[in-house]
Amino acid sequence: MKVCWVLLQPFFYAFRPFFVNPKAPTRLEHVNLLVQVSFDLLIWYFWGVKPVVYLIGGTLLAMGLHPVAGHFISEHYMFLKGHETYSYYGPLNYVTFNVGYHMEHHDFPYIAGSKLEQVRRIAPEYYDHLPQYTSWCKVIYDFITDPEIGPYARIRRKNVIGSGQNGELITQIIDGVPVAAFSGAVAHANGVTKPERNGSSPQGGDKPHTNGLRNGKSALGSLNGIAVSGTKIFNGLASAAAAGDY
């Protein structure tokens, strides 16, 4: 069944936002839909149905059971409990505009994909120790064969602002579990804030498990770490630009 799911992944990927986080389509999205449908109809009118079938089939294969499509799975499914997303450091980054540098992208979304490799090279202490992939083929294989992994092995967030029973600030509700803020700090961009029970308190001691940080470190420490790495990375990129490296 999971093989069928992977083959049909483009449809699930396209329609999931309509159910999980529905938003009204924008004017440009309507224009895009009109252009795409018109283009397909023109192909059908002048060359028949075969080219249309080829395009649809190519899309299903390229975004489904295809090595490059492994990044859709590696970016959104928990293969390792507590780690929501992962980077891929393999040769296919050369043909996918470094889309595999997913952790780096979420830490610094305004850095161009062509420079994400430099982000990791400048601040390896923040990325080299994180769980990572070297094969998208292995990602697809593990997703299909591992009974613990499936379409529901992902974290769904719902941002909420409010107060808890004890007056603490609630910033998110994740899978129905409230997560309190830490001194008003913002969590690491790659942080998985789904609580894990460690038994250190009467209530079970919920602690946020952050991607790249060991249990027990607060989101404030995570924020400071990202701030330091951000300064280091931008200084490194500025030096490279001044030296004419890019």
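## Nonpolar surface patch

Helix H2 supplies the largest share of the nonpolar patch, namely 5 residues, in what is a predicted model. The patch covers about 980 Å² of surface and is formed by Val3, Leu7, Leu8, Phe11, Phe12, Phe15, Phe18, Phe19, Leu61 and Leu65. Two elements give two or more residues to this patch, helix H1 (2-7) and helix H2 (9-20). Among the residues of the patch is Phe19, and Phe19 lies in helix H2.

## Packing of H2 against H4

Helix H2 also meets helix H4, the axes of H2 and H4 coming within 8 Å and crossing at roughly 85 degrees. Since angles of 65 to 115 degrees count as roughly perpendicular, H2 and H4 are therefore roughly perpendicular to each other.

On the H2 side the contact involves Gln9, Pro10 and Phe11, which meet Thr59, Leu60 and Met63 in H4. By class, the contact of H2 with H4 has 4 nonpolar and 2 polar residues, with no charged residues. Phe11, which takes part in this contact, is also one of the residues that make the nonpolar surface patch.

## Packing of H3 against H4

Helix H3 (residues 27-47) and helix H4 (residues 49-63) have axes that come within 7 Å and cross at roughly 140 degrees, and H3 and H4 are therefore oblique to each other. From H3 the contact is made by Asp40, Ile43, Trp44 and Trp47, and from H4 by Val49, Pro51, Val52 and Leu55. The residues of this contact of H3 with H4 divide into 7 nonpolar and 1 charged, with no polar residues.

Notes
Residues numbered from 1 in each chain as written. Predicted model: local features only at pLDDT ≥ 70, side-chain atom pairs only at ≥ 80, totals over all residues. Heavy atoms only, no water. Axes fitted to C-alpha atoms, helices over the stretch in contact; angles between N-to-C directions. Helix = DSSP H or I, 4+ residues; strand = E, 2+ residues; numbered from the N terminus. Parallel < 35°, antiparallel > 145°, perpendicular 65-115°, else oblique. Contact = heavy atoms within 4.5 Å. Nonpolar A, V, L, I, M, F, W, Y, C, P; charged D, E, K, R; others polar. Patch = residues over 30% accessible without salt bridge, like charges linked within 9 Å, V, L, I, M, F, W, Y side chains within 5 Å. Areas by Shrake-Rupley, 256 points an atom, 1.4 Å probe, with all protein chains shown as cover. Salt bridge = Lys/Arg side-chain N within 4 Å of Asp/Glu carboxyl O.
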